[in-house]
Amino acid sequence: MPSLSLGSRLALIILLGTITTVGSVLFVAYSALVEDFEDILTEQQLYETRRIATEVNQRLQLKLDVLAESASLLSHGDKLVSSSEIAIQLERQKLLNALFPDGVLVFDDNATAIFENFYTPGRIGTNYSDRSHFRQAMASRKPVISRPLLGRTTGVPLLSFLAPIESDEGDLLGLLGGTINLGKTSIVPVAMLEEIANEEATFTIIDSENFLYIEGGAITKNGIIPLPAPGDNALIDAALSGITSGHAVGPDGRTLIYATSHLQRLGWQFVRAVPHEWATAPAKESFGQFFWISLSIALVIALISYILTRSAINPLDRMTRKINSMVQTPSKADRLDPSGANEVRNLAIAFNQLMDERDAISTMKDQFVSNVSHELRTPLTSINGALRLIDSGATGDLPTRARAMNSLALRNGHRLQLLISDLLDFSKLSAGRMSVTLATESLQPILESTVFDNQTMAHEYKVALTAHCNPRQKVITDAHRLRQILDNFVSNAIKFSPANGKVRVFVETGTAGSTRIVVQDHGEGVPETFVERLFDRFSQADSGDTKATAGTGLGLAICRELAALMNGRLGYYYEQGAHFWVELPSVGNEA
């Protein structure tokens with residue numbers, strides 16, 4: 001992150017914000033889609049169970065109505081018709097036989113079976129007055145339906161339908177009954193069962209009072225289908241809990257969405273359940289479409305945001321490049337264009353004001369340095385001249401201690417004069433008043449004079465100083481200024497060389513049309529962290545050696561400006577020692 005530009009950071013922030021927003025919207029949208037599809041699916045199940053419950057209730061009522069209508073045909077007004085007439089009447093009732101395929105019976109007024117259309121051993125003559133639905137029908141004189149029960153003689157689970165047979169005066173003459181074997185005959189039409197139940201969707205009718213299956217469940221040997229024990233089937237437990245809809249885990253471990261409806265007259269629960277995937281599958285399909293649309297919108301937003309961000313940052317980038325250029329080549333004419341957005345314009349105006357103040361301070365500093373240097377040079381020249389006369393013995397012999405002190409003062413005066421010369425040279429370079437006289441010069445005399453003039457310093461530091469050059473090698477340069485550059489390179493090389501080290505000045509081919517003069521030492525070189533600032537003004541590397549601290553830090557900066565004035569360039573590299581070099585235009589490239 002620290003290496004990213006401001007524009008990239010803003011674009012990244014906008015992109016992350018867009019992704020986060022779209023991600024949150026997608027998450028909420030998916031949850032809402034699943035919830036909506038669950039609600040729709042639950043409503044569908046409720047509708048199906050209610051429809052089936054209504055259909056079953058209507059069919060049960062139809063059975064009772066047909067049974068009651070048939071019961072009215074079994075009376076002569078004051079008594080039951082004979083057994084033969086009962087057989088004839090019931091034979092004619094095709095609808096009655098179709099509605100009660102498991103048997104039709106006639107009972108006398110004491111609830112004793114006196115006729116059956118299907119023979120069952122032991123059933124004729126059996127009294128059923130102890131059955132609650134018989135007592136209810138005899139007391140209310142209205143058609144009734146029993147709760148699921150076991151046949152007294154058959155032992156199979158039955159539904160018993162009863163309709164009173166009355167005389168013209170309203171006396172009870174008997175009962176007409178119809179039975180449905182729950183183990184054989186479904187009370188739900190087969191076509192409807194096939195429609196609402198399949199391999200995945202389940203449909204069940206349970207008797208919540210007797211804890212029996214009416215539809216669904218495994219058939220036992222005697223046809224009775226008891227409900228599983230509590231905890232064995234989460235769907236049945238949920239249906240019996242009284243919660244009409246919700247989620248439950250099926251026997252196979254899959255999550256189901258269920259709904260129930262209650263048939264009050266029989267105490268039955270109609271339960272339909274479908275896999276939860278029926279809700280998530282269309283939700284995922286819809287979400288997939290929504291996801292790609294949202295992703296496309298997010299990409300468009302990100303692209304537009306990036307373009308807008310770049311358009312906002314580009315003026316700052318241009319200002320940065322202009323500022324860097326102004327730093328590299330300062331000029332009083334260079335200023336930023338105060339245009340664009342308010343923030344950019346205000347920044348440009350503030351920077352221009354800062355530049356004005358910098359130029360004013362720089363001018364004042366240059367004038368101060370120039371004036372002070374000029375003022376110091378005249379008395380310093382006189383002081384150094386007097387010290388040289390004393391050192392030469394013109395004033396007579398001095399005591400040993402006085403001579404040592406005079407030599408020390410002379411050396412320091414000479415060094416001070418060099419520092420003042422550097423300040424004056426840099427002041428002239430900054431003001432553009434430094435001039436050079438370019439001419440074709442032979443390199444060998446220049447290098448030999450450089451070595452000769454620096455030998456004293458080399459002996460003092462115990463360093464061997466040598467130069468190698470082809471006598472025919474020539475360059476276009478100002479000999480005096482080239483000596484100034486080489487003297488700086490050589491003096492630095494001597495200072496930073498180890499005792500008994502070697503400093504070598506040699507010539508090699510430079511870039512096209514130039515000659516490179518290299519000063520090599522065997523010191524530790526410039527620290528890598530300082531190389532970029534090596535030729536900046538007032539820059540000095542911390543070498544940890546006190547002999548390297550003397551100076552203004554202007555020497556290499558002055559060398560760079562002088563090389564540029566002579567249409568050359570200089571540089572540094574490290575390869576088994578420090579190498580400082582200057583390239584100048586060649587006149588003949590003899591090696």
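I take buried as under 20% relative accessible area, exposed as over 50% and partly exposed as in between, with a 1.4 Å probe and protein chains only. Strands here are DSSP runs of E with at least two residues, and helices are runs of H or I with at least four, numbered from the N terminus. In a regular strand the side chains alternate between the two faces of the sheet.

I noted that this is a predicted model, in which local features need pLDDT of at least 70 and side-chain atom pairs count only at pLDDT 80 or more, while totals for chains, interfaces and linings use all residues. Residues are numbered from 1 along each chain as its sequence is written, and side-chain values use heavy atoms, with hydrogens and water left out.

I then looked up the partner of β14, and found that strand β12 (residues 439–442) pairs with β14 in the antiparallel sense over four bridges; two strands pair if DSSP finds at least two bridges between them. Ser442 has Lys474 in β14 as its bridge partner.

**Strands β13, β15 and β16**

Strand β13 (residues 464–468) pairs with β15 in the parallel sense over five bridges, and Leu465 stands opposite Val503 in β15. On the pairing of β15 with strand β16 (residues 514–520), I recorded the antiparallel sense and six bridges, with Val519 in β16 as the bridge partner of Val505. β15 and β16 form a hairpin with four residues between them, and Gly513 in the turn has a positive phi of about 75°.

I also checked Ser497, which lies in the loop between α11 and β15 (502–509). Ser497 is buried, with a relative accessible area of 5%, and its C-alpha atom is separated by 9.7 Å from that of Gln520, 23 residues apart along the chain.

**Helices α11 and α12**

The axes of helix α11 (residues 479–495) and helix α12 (residues 555–565) come within 10 Å and cross at roughly 150°; axes are lines fitted to C-alpha atoms, for helices over the stretch in contact, and angles run from 0 to 180 degrees between N-to-C directions. The contact, meaning heavy atoms within 4.5 Å, involves residues of α11 including Ile485 and Phe489, and residues of α12 including Cys559 and Ala563.

**Leu570 and the cores**

Leu570 is found in strand β17 (residues 569–574) and is buried, with a relative accessible area of 14%. Leaving aside neighbours within four places in sequence, I found Leu570 in contact with Phe489, Phe535, Cys559, Arg560, Ala563, Trp581 and Val582. Leu570 and Glu583, 13 residues apart in sequence, are 6.0 Å apart in space, C-alpha to C-alpha.

The largest nonpolar core has 40 residues, and among those with the most contacts inside it are Val56, Trp268 and Phe270. I count as a nonpolar core a set of buried Ala, Val, Leu, Ile, Met, Phe, Trp, Tyr and Cys residues joined through side-chain atoms within 4.5 Å. Helix α1 (residues 6–71) gives the most to this core, with eight residues. A second, separate core of 38 residues includes Met457, Ala493, Ile517 and Ala563.

**Whole protein**
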